[in-house]
Amino acid sequence: NFSQVTEFILLGLSDTRELQVLFFTFFFPAYAMVLLGNLLIIVAVWTDPKLSSPMYLLLCNLSFIDICCTSVTSPRMLVDLLSQRKTIAFEDCIAQLFFLHFTGASEMFLLTVMAYDRYTAICKPLHYTAIMSRQVCWVLVSACWAGGFLHSIVQTLLTVQLPFCGPNTIDNYFCDMPLVIRLACTDIYVTEWLMASNSGLISLVCFLVLVTSYTYILVTIRVRFTEGRWKALSTCASHVMVVTFFFLPCIFIYFRPFSTFSFDKHICVISTVLSPVMNPLIYTLRNNEVKASMWKLWQRCR
């Protein structure tokens, strides 16, 4: 693509040494918590025959995607926080961009499928086993990964065809489309609209589907059930909170032309660091079956 740039300089979260050390002491435990918490969920689900329903299969896949998604950005961010010169090769930057959107879009689709699973279980309980069989669940999970790959490959191809011949400074701690394509030595008006319509529409549509499904769930609970209403309401509210933390930053970043606003790196921290930390806490620690399975696993390992 006639690019002359061989590496990019990442400015990171701050140029103050004290703040960099402070960020490292916060983000390293957060990343370790994501890895250990989600690995524990995966092992607990796969070793307990009682957790073989589609809901737990989807939860297991969510944990795996969370590990992949946060591992795309967090390790390099942690290394750069302790480094003087923060650079990333052009090829590594494109690879990071690809895997970030691959795992991020796959997680969006999977969260949507999980909301549909909960909607079916609560609103159509008599038909649940027929609608959400294990085979159907695997097909939906495969579709989530395929959709994430298709989305990411489109975004990556739109990026690599741009020529980069001048500035190479990225004001963030990882490579992402809005900041990378700004450095291109050509008019990016059409490209940024294509990218915004792709990423932005996916984020917005998935978010609206999630909100709609949880609204139907809450209405159904209010009409049909009396016992356990507050517990179900609390669970749905916590799920909506996690979904909001994940989707709103994505909608804010991608659902408009990238050159019309200043990029806020602190919003990226919410979706790449805080949201993966909250997922295992909200989706697992509020589930008695998963907690019981984890306790049994701990007892066997002692």
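**View 1. Cys-250, a buried cysteine.** In this predicted model, Cys-250 counts as buried because its relative accessibility is 10%, under the cut-off of 20%. Cys-250 takes part in no disulfide. The nearest cysteine sulfur belongs to Cys-69 and is 8.5 Å away.

**View 2. The disulfide of Cys-93 and Cys-175.** The sulfur atoms of Cys-93 and Cys-175 are 2.1 Å apart and form a disulfide. The angle about the S-S bond is -125°, and the link is left-handed. Cys-93 belongs to helix 3 (residues 90-123), whereas Cys-175 sits in the loop between strand 3 (169-170) and helix 6 (177-180), so the bond ties together parts that are 82 residues apart in sequence. Cys-93 is buried, at 0% relative accessibility; Cys-175 is likewise buried, at 0%.

**View 3. The disulfide of Cys-165 and Cys-185.** Here the two sulfur atoms, those of Cys-165 and Cys-185, are 2.1 Å apart and form a disulfide. The pair links distant parts of the chain, 20 residues apart. Cys-165 is in the loop between helix 5 (134-160) and strand 3, and Cys-185 is in the loop between helix 6 and helix 7 (189-224). Cys-165 is partly exposed, with a relative accessible area of 36%, and Cys-185 is also partly exposed, with 34%.

**View 4. Cys-144 and the disulfide pattern.** The whole structure contains two disulfides. With bonded cysteines counted along the chain, their pattern is 1-3, 2-4. Cys-144 is in no disulfide; the nearest cysteine sulfur, that of Cys-206, lies 8.7 Å from it. A relative accessible area of 4% makes Cys-144 buried.

**View 5. Gln-20 in helix 1.** Gln-20 is part of helix 1, which comprises residues 17-47. This residue is buried, its relative accessible area being 5%. Apart from neighbours within four places in sequence, Gln-20 is in contact with Ser-14, Asp-15, Leu-81 and Lys-86.

**View 6. Helix 1 from end to end.** The 31 residues of helix 1 should span 45 Å at 1.5 Å a residue. The C-alpha atoms at the ends of helix 1 are 45 Å apart, in agreement with that expectation. Buried residues of this helix include Gln-20, Phe-27, Ala-30, Tyr-31 and Val-34. Further along, Asn-38, Ile-41, Ile-42, Ala-44 and Val-45 are buried as well. In an α-helix there are 3.6 residues a turn, so residues three or four places apart point the same way.

Note on methods:
Residues numbered from 1 in each chain as written. Predicted model: local features only at pLDDT ≥ 70, side-chain atom pairs only at ≥ 80, totals over all residues. Heavy atoms only, no water. Helix = DSSP H or I, 4+ residues; strand = E, 2+ residues; numbered from the N terminus. Buried < 20%, exposed > 50% of the residue type's maximum accessible area, 1.4 Å probe, protein only. Contact = heavy atoms within 4.5 Å. Expected span 1.5 Å × (residues − 1). Disulfide = S-S within 2.5 Å.
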